[in-house]
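This report describes selected features of secondary structure, packing and backbone geometry. The sequence and the coordinates are shown first.

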Amino acid sequence: MKLCAPVPVFGRFPLVRMTISRLVGQDVIPIMLGHEDEAEAIAQDLNVEFIRISNNPLGMKWNAGFEACKNYQADGVIFMGSSDWASDDYIESVKDALNDFAFIGMLGCHFADVGNEVRLMHWPGYQRGQRQYEPIGIGRVLRADMLEKMNWSPFDNRISSGLDWSMYLKIIKLSDEIAVIKDEEQDIRLLSISTNQWNNKHKFSQHWDGALKSKHINNELLKNNFKDIFTLL
């Protein structure tokens, strides 16, 4: 199965380079989307497609990447931001699952923050309310036939927030071939990264301080599949 990953970029250039290199090494086709010359230079260095596009609205930016994946005859598209990493086994498992499911996602993920040290948290995902048991945005995979039904545009071009929920509402209307994977605290398969060098949309401090229900995890676990994160220290 051939996976494609549109990756919108805005700053975070050292991490962007690592994110794109990681996808290439996992046999995923990345497409970078951004408006900065530094981002385009990274794309040229790594020999990946770069689409020059403004950062807002984000719905339009993401859709441009999904539409570009169609040109690669991708069997599926994985939803990963420039600060999101997946383990090798997660990539391989979702490729296999595309044989049976049009949409695949996980209930939770891990968050890492790089400062004077690397701190690690596990978040179990949406546990209550309207979004209970909705798969998180990171690592969602949509099969090509579902994307065809969406005209390869899973988002409203006009929006810059609420993208995950907007996509999910479309998905559940189009198919019941949905696989939701329960993640494990001690098995890091999806990782969202923040550092004190930039602000991440996922506010790490809210997880660390308990405002969002999460659990502190020993960062030694990162050395199994995500050891490159320690080079950001």
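**Basis of the description**

Contact here means heavy atoms within 4.5 Å. The model is a predicted one.

**Helix H1 and its surroundings**

Helix H1 spans residues 13-25 and, together with E1 and E2, makes a right-handed β-α-β unit. The 13 residues of H1 reach 18 Å from the first C-alpha to the last, which is close to the 18 Å expected at 1.5 Å a residue.

Leu15, Val16, Met18, Thr19, Ile20, Arg22 and Leu23 are the buried residues of H1. Their cover includes E1, E2, helix H2 (37-46), E5, E11 and helix H8 (222-225).

Strand E1 (residues 3-8) is mostly covered, with 6 of its 6 residues buried. Leu3, Ala5 and Val7 point one way from E1, while Cys4, Pro6 and Pro8 point the other way, and all of them are buried.

E1 pairs in the parallel sense with strand E2 (residues 28-34) over 6 bridges. Within E2, leucine 33 is the bridge partner of proline 8. E1 also pairs in the parallel sense with strand E4 (residues 76-79), here over 2 bridges; in E4, glycine 76 is the bridge partner of leucine 3.

**The five-stranded sheet**

An open sheet is formed by 5 strands in the order E5-E11-E7-E8-E12, with mixed pairing. Strand E5 (84-86) and strand E12 (215-217) stand at the edges with a single partner strand each, so one side of each has no neighbour in the sheet. From one strand to the next, the twist averages 30 degrees.

Inside this order, strand E7 (residues 109-114) and strand E11 (residues 190-195) pair in the parallel sense over 5 bridges. Aspartate 113 stands opposite serine 194 in E11.

**The buried side of helix H4**

In helix H4 (residues 88-97), the buried residues include Tyr90, Ile91, Val94, Lys95 and Ala97. These residues lie on the same side of H4 because they cover an arc of only 165 degrees around the axis. In general, an α-helix has 3.6 residues a turn, so residues three or four places apart point the same way.

**Backbone geometry in the loops**

Asparagine 56 and proline 57 are joined by a cis peptide bond, with omega at about -5 degrees. Proline 57 is placed in the loop between strand E3 (49-52) and helix H3 (58-69).

Two residues other than glycine have a positive phi. Aspartate 27 takes a value of about 60 degrees and lies in the loop between H1 and E2. Its relative accessibility is 58%, so aspartate 27 counts as exposed, the cut-off being over 50%. Asparagine 151 has a phi near 60 degrees and is found in the loop between helix H5 (144-149) and helix H6 (163-174). Asparagine 151 is likewise exposed, because its relative accessibility is 57%.

**Leucine 233**

Leucine 233 is found in the segment after H8. Is leucine 233 buried or exposed? With a relative accessible area of 53%, leucine 233 is exposed.

Not counting residues up to four places away in sequence, leucine 233 touches Val114, Gly115, Asn116, Glu117 and Val118. The C-alpha atoms of leucine 233 and proline 154 are separated by 36 Å, the two residues being 79 residues apart along the chain.

Key:
Residues numbered from 1 in each chain as written. Predicted model: local features only at pLDDT ≥ 70, side-chain atom pairs only at ≥ 80, totals over all residues. Heavy atoms only, no water. Buried < 20%, exposed > 50% of the residue type's maximum accessible area, 1.4 Å probe, protein only. Helix = DSSP H or I, 4+ residues; strand = E, 2+ residues; numbered from the N terminus. Pairing = 2+ DSSP bridges. Right-handed = clockwise from strand over helix to strand, strands pointing away. Arc of directions from axis to C-beta. Axes fitted to C-alpha atoms, helices over the stretch in contact; angles between N-to-C directions. Expected span 1.5 Å × (residues − 1).
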